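Work through the exercises below with the sequence and the model at hand. Each task is followed by a solution in steps.

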Amino acid sequence: MDALVHTKLVAEIGPCVGLYHFDLKEERSREPMEYAISRQELVAQPVLVVRRRVRRAEIAATIGAEIPKVFLHAQKRGIAIAGYPITRYREMSVGLVTLETGMRVAARDGAWTEAEGEGDVLAETLPGGPAAVTIHSGAYDQLPAAYAALEEWMVANGFKPGDAPWEAYLNDPADHPDPREWKTEVCWPFRV
């Protein structure tokens with residue numbers, strides 16, 4: 001990855017290191033949202049993540065606590081950030097969620113291995129292939145509606161959910177304090 005591109009992304013994403021510092025008691029809009037869903041062919045993407053199993057109520061705090069660790073690890077190891085912060089939901093139950101939160105990165109010299117991670121920070125890869133994708137506008141507590149819309153779209157089009165879905169945070173709440181302005185891309189790989 002070009003150093004200039006990396007520098008630009010770090011400047012844009014750096015403020016996100018303090019992501020998710022918002023009042024959870026704040027009144028949120030409950031208006032239903034319509035989602036435009038597209039089928040996309042994704043390219044496999046290296047990521048650095050921290051994996052945690054938490055209660056659903058702890059998701060935002062966990063993301064806010066773990067993303068700085070990933071950002072610092074990437075900087076320490078000289079790994080170029082290549083996109084906005086992401087959270088992938090590896091496993092969900094009624095009470096707990098296993099999530100991986102972190103950053104898209106660029107593989108050095110085209111190679112990406114587990115050795116790029118260290119301690120809590122894991123080197124993983126978001127899978128390539130077909131995926132249902134949509135953009136959610138609004139508060140994060142309304143994101144389950146986007147996942148429901150993607151799942152309904154897959155069923156209606158004869159597809160089965162594939163690998164774990166993820167979300168990418170396209171803007172920073174610190175720069176956009178009004179939750180109605182928050183944009184989140186939601187991707188769910190599927191099988192044909």
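**Exercise 1. Strand pairing around β3**

Task: find the bridge partner of I81 in β4, and state in which sense β3 and β4 pair.

Solution. In this predicted model, I81 is bridged to V105 of β4. Next, take the whole strands: β3 covers residues 81-92 and β4 covers residues 96-105, and the two pair in the antiparallel sense over 8 bridges.

**Exercise 2. Charged side chains across the strands**

Task: which residues are linked with E100 in a network of salt bridges?

Solution. Begin with the general idea: side chains of opposite charge can pair when their charged atoms come close. The whole structure contains 13 salt bridges.

Step 1. E100 and R88 form a salt bridge with an N to O distance of 2.8 Å. This pair links distant parts of the chain, with E100 in strand β4 and R88 in strand β3, 12 residues apart. Both E100 and R88 are buried.

Step 2. R90 and E100 also form a salt bridge, at 3.7 Å from N to O. Because R90 belongs to strand β3 and E100 to strand β4, the pair ties together parts that are 10 residues apart in sequence.

Step 3. Compare the burial of the two partners against the cut-offs: buried means under 20% relative accessible area, and exposed means over 50%. E100 has a relative accessible area of 0%, so E100 is buried. R90 has 36%, so R90 is partly exposed.

Step 4. R51 and E124 form a salt bridge of 3.1 Å, N to O. R51 is in strand β2 and E124 is in strand β5, so this pair ties together parts that are 73 residues apart in sequence. R51 is partly exposed, with a relative accessible area of 33%.

Step 5. Put together, the network of salt bridges links R51, R88, R90, E100 and E124.

**Exercise 3. The nonpolar cores**

Task: which residues of the largest nonpolar core touch the most other members, and which element gives the largest share of this core?

Solution. The largest nonpolar core has 35 residues, and those touching the most other members are L48, I59, Y89 and M154. Next, list the elements that give two or more residues to this core: β2 (45-55), α2 (59-77), β3, β4, β5 (121-126), α3 (143-156) and β9 (183-191). The largest share, 7 residues, comes from α3. Last, a second core of 10 residues is separate, and V47, V49, A131 and A168 are among its members.

**Exercise 4. Aromatic pairs**

Task: why is the pair of Y140 and Y169 edge-to-face, and why is the pair of W153 and F159 tilted?

Solution. A pair of aromatic rings is described by the distance of the centres and the angle of the planes. The structure holds 7 aromatic pairs.

Step 1. For Y140 and Y169, the ring centres are 5.6 Å apart and the planes are at 75°, so the pair is edge-to-face. Y140 is in the loop between β6 (129-137) and α3, while Y169 is in strand β8, so the pair ties together parts that are 29 residues apart in sequence. Y140 and Y169 are both buried.

Step 2. For W153 and F159, the ring centres are 5.7 Å apart and the planes are at 35°, so this pair is tilted. W153 and F159 are both buried.

Step 3. Ring pairs also join Y89, Y147 and W188 into a cluster.

**Exercise 5. T62 and R55**

Task: is T62 buried or exposed, and is R55 buried or exposed?

Solution. T62 is part of helix α2. Its relative accessible area is 10%, so T62 is buried. Beyond its neighbours within four places in sequence, T62 is in contact with R52, V54 and L99.

R55 is part of strand β2. Its relative accessible area is 55%, so R55 is exposed. Not counting residues up to four places away in sequence, R55 touches G95 and L96.

Key: Residues are numbered from 1 along each chain as its sequence is written. This is a predicted model: local features need pLDDT of at least 70, side-chain atom pairs count only at pLDDT 80 or more; totals for chains, interfaces and linings use all residues. Side-chain values use heavy atoms; hydrogens and water are left out. Two strands pair if DSSP finds at least two bridges between them. Helices (H or I, at least four residues) and strands (E, at least two) are DSSP runs, numbered from the N terminus. A nonpolar core is a set of buried Ala, Val, Leu, Ile, Met, Phe, Trp, Tyr and Cys residues joined through side-chain atoms within 4.5 Å. Buried means under 20% relative accessible area, exposed over 50%, partly exposed in between (1.4 Å probe, protein chains only). Rings of Phe, Tyr and Trp (its six-membered ring) pair if their centres lie within 6.5 Å; planes under 30 degrees apart count as stacked, over 60 as edge-to-face and the rest as tilted. A salt bridge is a side-chain nitrogen of Lys or Arg within 4 Å of a carboxyl oxygen of Asp or Glu. Contact means heavy atoms within 4.5 Å.
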